[in-house]
Amino acid sequence: MTMGAGWYLRRLSRMGPQEVGGRVGDAVRRRRWRSARPQSPSVGGARFTAVLPEGALASVAPDAAKRLVAEADRLLAGHVEYFGVAREDLVDPDWWYDPKTGRRAPWGYAFDVPYRDEERSGDVKQIWELSRHQYLTVLAAAYALTGDERYAERVAAHLRSWWVSNAPLRGVHWTSGIELGIRLLSWVWVRRLLDGWAGAPELFERNPDALRQIWHHQNWLASFPSRGSSANNHVIAEAAGQFAAAVAFDWFPSSAAWRDEALRSLDRNLRANTFLSGLNRELASEYHGLVLELGLAALAEADAAGVAVPATVRLVLLRMTDALAAVVDDRLRPPRQGDSDDGHGLVVDGPGTDRWGSLLATGEAVFGRLDWWPVVTGTDVRTPLLAALARPSAAGAARPASRPGHFADAGLTVLRGPGGIWCRCDGGPHGFLSIAAHAHADALSVEVRHDGVDVLADPGTYCYHGQPEWRRYFRSTLGHNTLELDGTDQSVSGGPFLWTRHARTRVLKAEATGGGTLRWCAEHDGYQPSVHRRRVDLDPETRELLIVDEVTGPRRDARLVFHLGPAVSAELTGNRAELRWSADGEDRSAVLDLPGELDWRAHRGEEDPPLGWYSPGFGRRRPATVLVGTGYAEATRGFTTVLRFRDEG
């Protein structure tokens, strides 16, 4: 996807004067570096002391270690999969190759690389993911747990190859700060996990290529921080990686200054990116997870090195952990809200490890669990390693006495009923900062699960670059369980990560806890002069969910949409849909009575235009049924939908 002049003008319109000034300075620096690349200082006598405490590895659960080693063996054999695309070249990878399109990113000065243009550079997400080097932390962890030097030798070979092949400021891997920050964090953990290997010092602190790369990564991050309307999860990754590297690789004249500025940035931006309730302001659950992972890794680094962190850093991470515990369903799945790209901060676990359970387990180790937290039964490698470094403390922090159901600042409400009924109602801001980069046009959407199974589903994200029609669909109003008017989105898109007008939403009622019927009501102004208001009632006794939609203003074309989860089949007769699915070997069912004022059709797996899809993860999609009711809306006409769960058995 090539960005034209119109996009640049729209993007510029979302910046303030301070951001514009900062970006002008960035442009000047990039121009200067083209002809006069910064030179890394000479380093002598470097030592690595940021090792794991004695006994940390022994505390890893055997089943978690077994999963990790199995994944390491698969990597050693050359196999890996990113975003639904398998790679079989991991024995000797091509660092600029995209296996999805078969294209290679061009070489040259980093800031000239057209990384957003898939025709010229391939899918940059595929290229970048391998070079986050999180598969190397898995291999290094396998060495640490088994002592098998094959894992360490493969790590060393790949790092040496990468360092030689990706000279500072050359190529696609020097274009995005989040990539440099996450890569630095991976290198810190690779060195830590390889500490028992005799070749580790020669690979890192005695290796001129490694020293040059580490310095240039940190100098880049200090020179080009994400700023203004781009200071979202990217700036957290940059600060966390910079901080970890400056603490663990404190070998350079600028290390102390980098450490201090990264910590200030981390403190400032964790607070800026997080509501007081603890939910991430991007209102995208996977980025909540990414930011929390990065923050906890940075906190562990600081505690292990004896670096004092501002109390607000620990407080924000505590609130984020409690908020995550509050919003997950009975299977520990958070909302599927906003963008998601399967991004992780630190990976030392094999497949099958529950990401959200792992985060809650780490939160329990660092902050202590509350009585209302869900129980985490799984195991992971990362938690005992981070816990061995971090200083457990939640002293003096006010924490919820019972499980919150409504987060007023984030506009997120979760209604819960018996049998694992979980309903998320969206009445929050459109997104974070002026561009709301990872927002979807999903105001007043609902997401309903039964015992962890998506019944009324949020379809997900699927892609970012290269497939604009699919990007538009998955972030559109039509792509969510809400009401669309006149065939347009509630908010106005200016590009794949840019919204130029944001629908404003306000919650009118939220009764998410207590006895009796649970109630929620909110409205938004995205279709001015009309206002869309939605009411949701959940009766725990009858297991019935009532959704009432009303529109004020003139008569307008309307489509009311309900996306079903991929496990749910639907038999639509008139305005009634019989829903069926299986869970834990048992058949389940529900009845969805749809508004008779609309003409209802079922769609599934349509491509031109896209309609009826569910994305289980980035880069992957599968057909799923969507029920679309077409007609018109006006002030005298409301729409009532009733979802009734049948008794089990």
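## Salt bridges overall

A search of the whole structure finds 54 salt bridges, a salt bridge being a side-chain nitrogen of Lys or Arg within 4 Å of a carboxyl oxygen of Asp or Glu. This is a predicted model, in which local features need pLDDT of at least 70 and side-chain atom pairs count only at pLDDT 80 or more, while totals for chains, interfaces and linings use all residues. Residues are numbered from 1 along each chain as its sequence is written, and side-chain values use heavy atoms, with hydrogens and water left out.

## Asp-123 and Lys-100

The closest N and O atoms of the salt bridge between Asp-123 and Lys-100 are 2.7 Å apart. Asp-123 lies in the loop between α4 (118–121) and α5 (124–130) and Lys-100 in the loop between β2 (85–87) and α4, so the bridge ties together parts 23 residues apart in sequence. Helices (H or I, at least four residues) and strands (E, at least two) are DSSP runs, numbered from the N terminus.

Asp-123 is buried, at 7% relative accessible area, whereas Lys-100 is partly exposed, at 35%. Buried means under 20% relative accessible area, exposed over 50%, and partly exposed in between (1.4 Å probe, protein chains only).

## Arg-191 and Asp-195

Arg-191 pairs with Asp-195 in a salt bridge whose closest N and O atoms are 3.0 Å apart. Arg-191 is buried, with 2% relative accessibility; Asp-195 is partly exposed, with 33%.
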